[in-house]
Amino acid sequence: MQITHLSGSRRDIGLGHGRAHAPLIHASIEVYDRLFGDFVGLDWPQARRQAERFGGMIEQRFPAILEEMAGIAEGAGLELADILTLNCRSEISLTQASGGCSAFALERAGTQWLAQNWDWRADQLDNVVALHIEGDDAPPLVSIGEAGMVAKIGMNAHGIGVCLNAIRSRTCGEGLPIHVALRKILESPDLASARAVATDSRVCSPAHFLVASADGQAVGLEVHPGEPGALSPRDGAVTHTNHLYDAAVTCRVEDFPRPDSRSRLERLNTLLGGLAEDAPVDEARLFEILADHQHHPLSICRHFNPDQPAEERMETLFGVVMNLTERRLTLRHGKPCESTDGLTLTLPVD
């Protein structure tokens, strides 16, 4: 993979994204056309109509990002409705589609780490992109995500980072779509502003945002249209997979996790708990955790499982480790167990 550098106005950033990744954006649309058909019985034109109602929510809470979406569409030779639909794909398929994803924050020896595997359908592997964005009205940031989408997992030059865990639920209300909210977090100057995306702007469907900052703070935000749940570090760590467990949220939101979510969470807690306080921690050590195969094939590092229905087969498509203190992000595209090579990007301290 290569890093795509984007800069300038919202429109400039969008045009650059669309032009650089037009084939991958069209391929992403093909993937989600199939996914919507598999999970919720919608074709792409029907999904576009479903996405329309989220445009007004974005216009109210984060209008600038619509200009960037329009630029992506223009650059890729598409319509704004196509890019809006891509960025609302979680909300459109939320009743059925649920990925894997295992995420953790860890503070050790004055360094704040943030890491996760992103598990999803293998047909989206080649549509993963790494964006380095320097906008006129936002801090420099890096986002690892899907072509045509404004954000997913990443960090900014202020030392704010975010990871994502999908939550399968029928809940959907007023707020920002998940991936738009992630971009707003990535433009936040501090942890309080990042938390305000969940508490003030709100997120229209359930997810877990693991947010951390370079000064050693971390919080797990179980977001939904209401007040988010907040998970504080224990022994310097916050862990999460794909089920809700903050009592303030589970009493209000029903989720439908796959059975392996709890076993992966227990394994994460075991592995992080086994790190001695004075044990050296670096990217290689944390990628070892992301490459763990206990309970294979439903492990932290997730592989092809022929026992699952074809449309539900989720695999690890990338692993990412962020050193927020030093503003350094390392990506392993594909399964973290299969390579020791990574794409590394460092942002200037802002």
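These legends describe close-up views of a predicted model.

**View 1. The largest pocket and its centre.**
The volume of the largest pocket is about 380 Å³. Its lining takes in 16 residues. Nearest the centre lie Arg234, Ala237, Val238, Thr239 and Asn269.

**View 2. Elements around the largest pocket.**
Three elements, β2 (102-108), β11 (237-240) and α10 (260-273), each give two or more residues to the lining of the largest pocket. The most comes from α10, with four residues. Sorted by class, the lining has eight nonpolar, four polar and four charged residues.

Of the seven residues of β2, six are buried, so the strand is largely enclosed by the rest of the structure. Buried here means under 20% relative accessible area.

Strand β3 spans residues 111-121 and pairs with β2 in the antiparallel sense. Seven bridges link the two strands. One of the bridge pairs sets phenylalanine 104 against alanine 115 in β3. Two residues separate the strands of this hairpin. In the turn, alanine 109 has a positive phi of about 50°.

**View 3. Pairing of β2 with β11.**
β2 and β11 run antiparallel and are joined by four bridges. Leucine 106 stands opposite alanine 237 of β11. Ala237 is also among the residues nearest the centre of the largest pocket. Both β2 and β11 give two or more residues to the lining of that pocket.

How values were computed
Residues are numbered from 1 along each chain as its sequence is written. This is a predicted model: local features need pLDDT of at least 70, side-chain atom pairs count only at pLDDT 80 or more; totals for chains, interfaces and linings use all residues. Side-chain values use heavy atoms; hydrogens and water are left out. On a 1 Å grid over the protein atoms alone, a cavity is a set of points where a 1.4 Å probe fits but cannot get out, and a pocket is an open set with protein on both sides within 12 Å along at least five of seven lines; lining residues have an atom within 4 Å of a point. Grid points are joined across faces, edges and corners, and a volume is the space filled by probe spheres set on the points. Ala, Val, Leu, Ile, Met, Phe, Trp, Tyr, Cys and Pro count as nonpolar, Asp, Glu, Lys and Arg as charged, and the others, Gly among them, as polar. Buried means under 20% relative accessible area, exposed over 50%, partly exposed in between (1.4 Å probe, protein chains only). Two strands pair if DSSP finds at least two bridges between them.
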